[in-house]
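Please keep the viewer open as you read the points below.

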Amino acid sequence: PMSFHFGADITVTATSDVASVTETENIRAPLAAASKCGKYVAASSGNELVLWSVIEAPSVAAILIRSPNDVVASGNICSIVWRRSSKMLALATDMGKLCLFRLHPPGSEDGPQSSNKLTLEPCGVLDLEGDMIRCLCSCGHVILIGGADGALRTVSWEGQLLEVHTPMVTD
């Protein structure tokens, strides 16, 4: 596991793709998820996403700062999950949006521009129509989304809703 200390009050410990947060004050806790390849940790505090390179000493590899208008329209980041290949990540917001990003490492020629820095390319947004996303799970070629309504949604890494399974309620 990797641990990161955010100021005097918050410590984030990340293992594979799950993070636990310890906080000593009543403040919004950051989220973190480690890539499967072990090279990166994605951390968020709501309106921004920071990608850390953790190959040797932790260093900031990329920062995505969302505009206030985007936060109002889409909500704060509430969950992060990496694709198994570590080439994509998905962010869920507290307003039911799933935002997909492709990761382009330094020197990658398939990115939006050839660069010596890590870049994030937005790949799409899926609106789950306001349903609160409770959890994300990367499962092979799909993302499993657990909603506040109890439904389990299957979404492709291309952003297409594939299936919705609703809980059966019996009397």
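**Notes on the core and the surface**

1. Let's begin with Y40, which counts as buried because its relative accessibility is 9%, below the 20% cut-off for that label. Please bear in mind that this is a predicted model.

2. How many aromatic pairs does a search of the whole structure find? The search finds 1. The pair is formed by Y40 and W82, whose ring centres are 6.4 Å apart; their planes meet at 15°, so the pair counts as stacked. Since Y40 belongs to strand β5 and W82 to strand β8, the pair ties together parts that lie 42 residues apart in sequence.

3. The largest nonpolar core has 16 residues, and W82 is among the members that touch the most others, along with L51, I80, L89 and L91. Strands β5 (40–44), β6 (48–53), β8 (77–82), β9 (88–93) and β10 (97–104) each give two or more residues to this core. A second, separate core has 14 residues, including V81, A90, L126 and I143.

4. Leaving aside residues up to four places away in sequence, L89 touches W82 and W157, and its other contacts include A42, L51, I80 and F101.

5. Finally, turn to the surface. V60, I63 and I65 make a nonpolar patch of about 300 Å². I65 sits in strand β7 (residues 59–65), and its relative accessible area of 60% means that I65 is exposed.

Methods
Residues numbered from 1 in each chain as written. Predicted model: local features only at pLDDT ≥ 70, side-chain atom pairs only at ≥ 80, totals over all residues. Heavy atoms only, no water. Patch = residues over 30% accessible without salt bridge, like charges linked within 9 Å, V, L, I, M, F, W, Y side chains within 5 Å. Areas by Shrake-Rupley, 256 points an atom, 1.4 Å probe, with all protein chains shown as cover. Salt bridge = Lys/Arg side-chain N within 4 Å of Asp/Glu carboxyl O. Helix = DSSP H or I, 4+ residues; strand = E, 2+ residues; numbered from the N terminus. Buried < 20%, exposed > 50% of the residue type's maximum accessible area, 1.4 Å probe, protein only. Core = buried A, V, L, I, M, F, W, Y, C linked by side-chain atoms within 4.5 Å. Contact = heavy atoms within 4.5 Å. Phe/Tyr/Trp six-rings, centres within 6.5 Å; stacked < 30°, edge-to-face > 60°.
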